[in-house]
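Reader: I have a protein open on my screen. Can you walk me through it?

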Amino acid sequence: MPDRPEIVCLCGSTRFVDEMSAANRDLTFAGVIVVAPSLFLRAEDHEADELITSEQKTALASLHLRKIDLADRVLVVNPGGYIGESTSREIAYAHATGKPISFTDPF
């Protein structure tokens with residue numbers, strides 16, 4: 001038996017908040033520690049630009065890379081195979097650091 005539960009970092013577009021929540025729930029019930037994006041601000045939410053600065057967006061992106069560092073593996077939540085620019089960067093980072101990567105949907 002491992003000393004601690006597995007840690008999984010969720011990556012994916014914040015437009016998929018429902019799918020991210022479902023993956024988080026399923027993994028948590030399976031005894032996994034889940035780290036995931038904390039804010040779900042989407043480009044189509046015009047108020048989002050007023051709520052978060054570009055500096056904050058950059059800081060959040062960097063923070064998410066640290067979450068990948070903490071994780072044993074990465075699960076990309078990509079309904080319909082969608083992978084955006086930010087998620088592509090996160091996948092490249094996870095790959096470069098040797099983290100196993102899996103996807104919820106084929107792409």
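Reader: What share of the protein chain is buried?

Author: This is a predicted model. In it, 32% of the 107 residues in the protein chain are buried.

Reader: And the accessible surface, how much does it come to?

Author: About 6,700 Å² for the protein chain. Carbon and sulfur atoms account for 57% of that.

Reader: Switching topic. How many helices and strands are there?

Author: The protein chain has 4 helices and 4 strands. Read from the N terminus, the order is β-α-β-α-α-β-α-β.

Reader: Of the contacts between residues at least 6 apart in sequence, what percentage join residues at least 24 apart?

Author: That would be 77%.

Reader: How many aromatic pairs does the structure hold?

Author: The structure has 1. The ring centres of Phe-16 and Tyr-82 are 5.9 Å apart and the planes stand at 70°, so the pair counts as edge-to-face, for which the planes must be over 60 degrees apart.

Reader: Where do Phe-16 and Tyr-82 lie?

Author: Both are in loops. Phe-16 is between strand S1 (7–11) and helix H1 (17–29), and Tyr-82 is between strand S3 (73–76) and helix H4 (85–96). The pair therefore ties together parts 66 residues apart in sequence.

Reader: Is Phe-16 buried or exposed?

Author: Phe-16 is buried, at 12% relative accessible area. Tyr-82 is partly exposed, at 33%.

Reader: What lies over the face of Tyr-82?

Author: Arg-15 does, at 4.4 Å from the ring centre.

Key. Residues are numbered from 1 along each chain as its sequence is written. This is a predicted model: local features need pLDDT of at least 70, side-chain atom pairs count only at pLDDT 80 or more; totals for chains, interfaces and linings use all residues. Side-chain values use heavy atoms; hydrogens and water are left out. Helices (H or I, at least four residues) and strands (E, at least two) are DSSP runs, numbered from the N terminus. Buried means under 20% relative accessible area, exposed over 50%, partly exposed in between (1.4 Å probe, protein chains only). Contact means heavy atoms within 4.5 Å. Accessible areas come from the Shrake-Rupley method with a 1.4 Å probe; for residues, only the protein chains shown count as cover. Rings of Phe, Tyr and Trp (its six-membered ring) pair if their centres lie within 6.5 Å; planes under 30 degrees apart count as stacked, over 60 as edge-to-face and the rest as tilted. A charge sits over a ring if NZ of Lys or CZ of Arg is within 6 Å of the ring centre and within 35 degrees of the ring normal.
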